[in-house]
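User: I am new to reading protein models. Could you take me through some features one at a time?

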Amino acid sequence: MNLTELLQRIPTLETYGEMNREVSGIVFDSRKAVENSLYVALKGTLADGHSFIDSAVEKGAKVIVCEVLPENFNPEITYIKVKDSSKTLGQLASNFYGNPSEQLTLVGITGTNGKTSVSTLLFDVFTALGFKCALISTVEYRIAGEVIPSTHTTPDVVTLNQILAKAVYEGCEYAFMEVSSHGIHQNRTEGLHFKVGGFTNITHDHLDYHKTFEEYLKTKKRFFDELPAEAFAITNVDDKNGNIMLQNTRAKKVSYALKTMADFHGRILEVDFNGMLLNFNGKEFWTTLTGKFNAYNLLLVFAVAVELGFNEAEVLQVISTLKRVHGRFETIKSPSGIYFVVDYAHTPDALENILDSINEIRTKNERLITVFGCGGDRDHAKRPEMGKIATRKSTLAIITSDNPRNENPADIIKDIEQGVEAQNYSKYTSIPDRKDAIKMAIKFAEPRDIIVVAGKGHENYQEINGEKYHFDDREVIEELLKIMGK
C-alpha cells in the first residue's frame, strides 16, 4: 500500500523523507521488520521501541513512525512524528487492511465476567440465524467454520485487523469480540469501528495491572466513551456501576436487568442442573444453560440481537437451542452419581456466582466441595476474598494451585487462607498439587454430592516457573474416576 494512502485520516506532526513509497507491512516489534515495512516505535512499560529504530532499519524497514525523532536521519528512510504512537498503530493497521471493522457489524463485549460466554453465545446465535460470523475470544478465534487457537483475550491491533480482514474476505457479516481492560488501556481497539458495545459487570480483578479499582472502572468506561453516535451501548443496570459505563457515551443507551426495570427485563422461573425456565420481555423459554450469571449472559445476547433488528421470538427460539460454552459451568456426572462442575471462575465475583447458583439448585442434602486456587504473579488482593467466599459457601473447600507461574504455590495458598473466617477453619484444607486436590475431593464425595473445580475452565495447561505443562481438569476428573471406581 502507498504510504500517502496509508496515512489517510491520521494526524501527523512532522514528516521527513520520501512520502511516495510502497509499504509491505506494519510492525511494532523491530525483530519482525522486513523489506519495505513500516515500523511503529512504541513506548512500553519494559522497553522503549525508539531504542530499536536502527535495528528495524537494518532488517528492511523504510518508514519509521515515532513520537521522538532520532538525532540523525537516514536519507533512505521516511520518518513520521506523531503525538501518540500507540493510537496511531491502530489507525495504521485499520487502513492497511482496508478498515475491515467498517465492513462488518462488530460487537464488543466488556466486563469482568461473562465476556467469553456472551461473545461465544452471540457467535452461535447469529450462525444459527444463517450468517457467517467471526469470534475473537479468550478461548479461540473463529472465522466462519475455521478455528484458530487464541493467544490473548484482546489480540494486538495488527493481528486484530488481520483476523477481521480475513473475516471480510470469507464473507462474514458479523464479528463478536471480547474487549479486555488490558486491550483498552493498551489501545488494541484503536481504529476499530464498533456497532455495539455490551457491558456484563465489573468486580475486583486485574488490580495488579490497573493498581486501583477506580482506574480499572475508568478503563472499562473508556470503551463506551469512544463508541460512535450510531452505535448501541448496552449495559447491565443491576450492576451498581452499569450506568456509569454509559455516562459519556454518544451511542444509543440500552439497559437490561433481572432485578430492576430495564429495556430488556428477565426473570428466572425455574432452575436446576439441567437448565432454566426463563422469561425475557414477557416471553417464556427453556435453556440448558443454568445459573443466574447465565441468565444475565443470555439476556445480554437477547438484547444485542433485538437491537440489531431481529425478532424477539425468533431470537429466543435460537437461544433455547444453545449449548454451554466450553469451560463455563461444564457438568460431568460420575457413574456413582457425583456431580462435577468445571468452570473458569477465577475472580471473587465469578466464584461467588458459581457457588450461589449451585446452592440455589441443591436441596442441602448434597454436600458442595470446591477445589480452587489463584494465579501467581497476578492481583494479590483477590486471594483472601476468594478464600472467604469458598469456605463460607461450600461444605468443604480445598485450596490448591491454579497457574502459580513464578510464585511459590505455598505462598499463594497462605494469601488465600488469610481470608478464611474463624468459624470456617474446619471447612477447608490445602493441597498444593492440583491433581491430588481433585483426588481428595472425589475421595471425600458421596453420590449426589457436587464438586466444583474452579479457575481453569477451558485451559489445558498449568504454568509453573515459566513452563506450561499439560493439565486439563476434565481429563484429570475422568481419569481419577476410572482409577477410583466412583
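User: What does the side chain of lysine 253 reach?

Analyst: A polar contact is a pair of N or O atoms within 3.5 Å. In this predicted model, the side chain of lysine 253 reaches the backbone oxygen of leucine 246, at 3.1 Å.

User: Where does lysine 253 lie, and which residues is lysine 253 in contact with, leaving aside its neighbours within four places in sequence?

Analyst: Lysine 253 is part of strand S13, which covers residues 252–257. For contacts, look for heavy atoms within 4.5 Å. With neighbours within four places in sequence left aside, lysine 253 touches Ala233, Leu246, Gln247 and Asp263.

User: Why does lysine 253 count as partly exposed?

Analyst: Buried means under 20% relative accessible area and exposed means over 50%, with partly exposed in between. Lysine 253 has 48% relative accessibility, so it counts as partly exposed.

User: How does threonine 363 count at 47% relative accessibility, and where is threonine 363 found?

Analyst: Threonine 363 counts as partly exposed because its relative accessibility is 47%. Threonine 363 sits in the loop between helix H12 (348–361) and S19.

User: What is the order of the strands in the open sheet of 6 strands?

Analyst: The order here is S17-S18-S22-S19-S20-S21, and the pairing is mixed. Strand S17 (330–333) and strand S21 (428–430) stand at the edges; each has a single partner strand, so one side of each has no neighbour in the sheet. From one strand to the next, the twist averages 15 degrees.

User: In which sense do strand S19 and strand S20 pair?

Analyst: Strand S19 (residues 368–372) and strand S20 (residues 396–399) pair in the parallel sense, over 4 bridges. Phenylalanine 372 has isoleucine 399 in S20 as its bridge partner.

User: Which are the edge strands in the open sheet formed by 5 strands?

Analyst: That sheet has the order S1-S5-S4-S3-S2, with mixed pairing. Its edge strands are S1 (14–16) and S2 (26–27), and each pairs on one side only. S2 pairs with strand S3 (residues 38–40) in the parallel sense over 2 bridges. Valine 27 is opposite tyrosine 39 in S3.

Notes
Residues numbered from 1 in each chain as written. Predicted model: local features only at pLDDT ≥ 70, side-chain atom pairs only at ≥ 80, totals over all residues. Heavy atoms only, no water. Pairing = 2+ DSSP bridges. Axes fitted to C-alpha atoms, helices over the stretch in contact; angles between N-to-C directions. Buried < 20%, exposed > 50% of the residue type's maximum accessible area, 1.4 Å probe, protein only. Polar contact = N/O pair within 3.5 Å; in protein donor to acceptor, adjacent residues only side chain to side chain.
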